[in-house]
Amino acid sequence: MTSLLLIGVDLAAALILSFGLYYRRHHRRDLVVAFLGVNVGVLAVASVLGTAEVALGLGLGLFGVLSIIRLRSSEISQREVAYYFAALAIGLMSGLPQLDPWPVIGLVALILVVLWGADHPALLARGRHQIVRLDRAIADEAELRASLADRLGGTVTSLTVQELDLVNDTTLVDVRYRVAAHAVATAGARR
């Protein structure tokens, strides 16, 4: 009975994670499929192989193998890595044999609540990140910072020049910046 309860909790949590949190905010269908597939796959493997003797090794092995396969196969953001590992952890915890399901249910709820809060659009809403190619080669960091602040309409918090092309007169910059609070309110009102 405990196993069935945890399978139900796992499926509900995987659906909330994939559709309620991730897809609703980021609209990437391909990763919804990946999150659900990984979660249910890990749940199934952990349920079948999850004996007390192999539980710890199984958990570490699944995290290692799946992370190497998935994270090397295509580029995903750090946010998507967090969702990916949350799906893995929920499936693993729910699939391993348990005498008392409530600690697992509490940890699954904790994972969902933390991802809901950490990925909430209102949290750090003013922070932005862009890769910008300028139509001018700018070697002076102060001048580059001022130019980016003017073009992006915010305060540059950090920048990394990725390419300074003096022949074609371009600069490629990885820039992090903060927009004004009124710009966030205006953008939120348009949604």
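Colleague: What share of the 191 residues in the protein chain is buried?

Modeller: This is a predicted model, where local features need pLDDT of at least 70, side-chain atom pairs count only at pLDDT 80 or more, and totals for chains, interfaces and linings use all residues. Residues are numbered from 1 along each chain as its sequence is written, and side-chain values use heavy atoms, with hydrogens and water left out. Buried means under 20% relative accessible area, exposed over 50%, partly exposed in between (1.4 Å probe, protein chains only). Of the 191 residues in the protein chain, the buried share is 36%.

Colleague: In what order do the elements of the protein chain run from the N terminus?

Modeller: Helices (H or I, at least four residues) and strands (E, at least two) are DSSP runs, numbered from the N terminus. The protein chain has seven helices and three strands. Their order is α-α-α-α-α-β-α-β-β-α.

Colleague: Is Asp-10 buried or exposed?

Modeller: Asp-10 sits in helix H1, residues 2-26. Contact means heavy atoms within 4.5 Å. Beyond its neighbours within four places in sequence, Asp-10 touches Asn-39, Leu-43, Ile-90, Gly-91 and Ser-94. Its relative accessibility is 0%, so Asp-10 counts as buried.

Colleague: How far apart are the C-alpha atoms of Asp-10 and Gly-91?

Modeller: Gly-91 is among the contacts of Asp-10. The two residues are 81 residues apart along the chain. Their C-alpha atoms are separated by 6.2 Å.

Colleague: At what angle do H4 and H5 pack?

Modeller: Axes are lines fitted to C-alpha atoms, for helices over the stretch in contact, and angles run from 0 to 180 degrees between N-to-C directions. The axes of H4 and H5 are 10 Å apart. The helices pack at an angle of about 170°. That makes H4 roughly antiparallel (over 145 degrees) to H5.

Terms used: Parallel < 35°, antiparallel > 145°, perpendicular 65-115°, else oblique.
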